[in-house]
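Try each one yourself before reading the solution.

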Amino acid sequence: MKIIYLSILGILLSTTTIFAQLKPVKYADENQVLNGLSIKSAKKSNQNPGILLLPAWLGIDKASKDIAENLSKLGYTVFIADIYGEGNYPTNTSEAGKQAGYYKKNHEAYQKRIQLALDQLVKSGANANNIVAIGYCFGGTGVLEAARGHLNVKGVVSFHGGLGKDASRSSETITTKVFACHGADDPFVSKEEIASFQQEMRDTKADWQMIYYANSVHSFTNPEAGNDNSKGAAYNAIAAKRSFEHLQLFLNEVLKK
């Protein structure tokens, strides 16, 4: 019996997979309390690749938690950012629109909140020089701000995010790799905004790519968005699966594992 026990213990100790779960992390922006979530990689790696996840406009939700857990299983340490802060969490789309709108207009404040979350990702064990930022909807806008603000990330991936920026802002060279996953029928992002984004990528000499997903509108990765495209936001299982596979290809290219 002792021999069997030692054999099982040896197998458990030698495996490269470890148990990982989401853990709350309290941090701050001066006097504003922020509440993020962290999850360690479920696989051991000397490179400690990390992913900063910026959630949609309602804040940290089930969809972002599920994505973080899936990415942990693939070998990434993940931190889900809290952009709004304690006491400011929206309870409906109207409140979310006001909160998200503030940060879209005040991009420096948005970039600061993203940087604070990035710091927490590094504190949780990710290699500071081996990180990608991904974001959904409002968070998709945020990762583009991370690229524009020259935050220390190797790449950014925007899923059904707002792509534009104030035309009065100057455009500087973007050195991080940029990947935009976009619903081909998204009614919330105009053709003009798409054209402006693509021109910005060219002007800033960015290494960028953009993929359109057929029959997809806003929020196509979120199972809780329903399935009625006529509402402008809906889940599309095929697009969600394909975009996650495209994300993995991007991560394999950009990050060391």
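The exercises below use a predicted model.

**Exercise 1. Classify the ring pair Y103 and Y110: work out what kind of pair it is.**

Step 1: pairing needs ring centres within 6.5 Å, and the rings of Y103 and Y110 have centres 5.9 Å apart.
Step 2: planes under 30 degrees apart would be stacked and over 60 edge-to-face. The planes here sit at 55°, so the pair is tilted.
Step 3: check the surroundings. Y103 and Y110 are both buried.
Step 4: Ring pairs join Y103 and Y110 with Y84, Y102 and F138 in a cluster. The count for the model comes to ten aromatic pairs.

**Exercise 2. Describe how helix α4 packs against α5 and against α3.**

Step 1: get the geometry for α4 (residues 107-123) and α5 (residues 138-148). Their axes are 9 Å apart, at an angle of about 90°.
Step 2: name the arrangement. Angles of 65 to 115 degrees count as roughly perpendicular, and α4 and α5 are therefore roughly perpendicular to each other.
Step 3: list who touches whom. From α4 come H107, Y110, Q111 and I114, and they meet residues of α5 including F138, T141, E145 and R148. The contact divides into four nonpolar, five polar and two charged residues.
Step 4: turn to α3 (residues 93-105). The axes of α3 and α4 come within 5 Å and cross at roughly 100°, so α3 and α4 are again roughly perpendicular to each other.
Step 5: Y102, Y103, K104 and K105 of α3 make this contact with H107, A109, Y110 and R113 of α4. By class, that gives four nonpolar, one polar and three charged residues.

**Exercise 3. Check the length of helix α2 (residues 62-73), and find what its buried residues pack against.**

Step 1: at 1.5 Å a residue, the twelve residues of α2 should span 16 Å. The expected span uses one less than the number of residues.
Step 2: compare. The end C-alpha atoms of α2 are 17 Å apart, which agrees.
Step 3: pick out the buried residues of α2: A63, S64, I67, A68, L71 and S72.
Step 4: find their partners. These buried residues pack against β2 (32-39), β3 (50-54), β4 (77-80), β5 (131-136) and α7.
Step 5: look just past the helix. G75 takes a positive phi of about 110° there.

**Exercise 4. H150 and N215 have positive phi: where are they, and are they buried or exposed?**

Step 1: recall the background. Most residues other than glycine have a negative phi.
Step 2: H150 has phi near 60° and is found in the loop between α5 and β6 (155-159). Its relative accessibility is 39%, so H150 counts as partly exposed.
Step 3: N215 has phi of about 55° and sits in the loop between β8 (208-213) and α7. At 54% relative accessibility, N215 counts as exposed.

Methods: Residues are numbered from 1 along each chain as its sequence is written. This is a predicted model: local features need pLDDT of at least 70, side-chain atom pairs count only at pLDDT 80 or more; totals for chains, interfaces and linings use all residues. Side-chain values use heavy atoms; hydrogens and water are left out. Rings of Phe, Tyr and Trp (its six-membered ring) pair if their centres lie within 6.5 Å; planes under 30 degrees apart count as stacked, over 60 as edge-to-face and the rest as tilted. Buried means under 20% relative accessible area, exposed over 50%, partly exposed in between (1.4 Å probe, protein chains only). Axes are lines fitted to C-alpha atoms, for helices over the stretch in contact, and angles run from 0 to 180 degrees between N-to-C directions. Helices (H or I, at least four residues) and strands (E, at least two) are DSSP runs, numbered from the N terminus. Angles under 35 degrees count as roughly parallel, over 145 as roughly antiparallel, 65 to 115 as roughly perpendicular and the rest as oblique. Contact means heavy atoms within 4.5 Å. Ala, Val, Leu, Ile, Met, Phe, Trp, Tyr, Cys and Pro count as nonpolar, Asp, Glu, Lys and Arg as charged, and the others, Gly among them, as polar.
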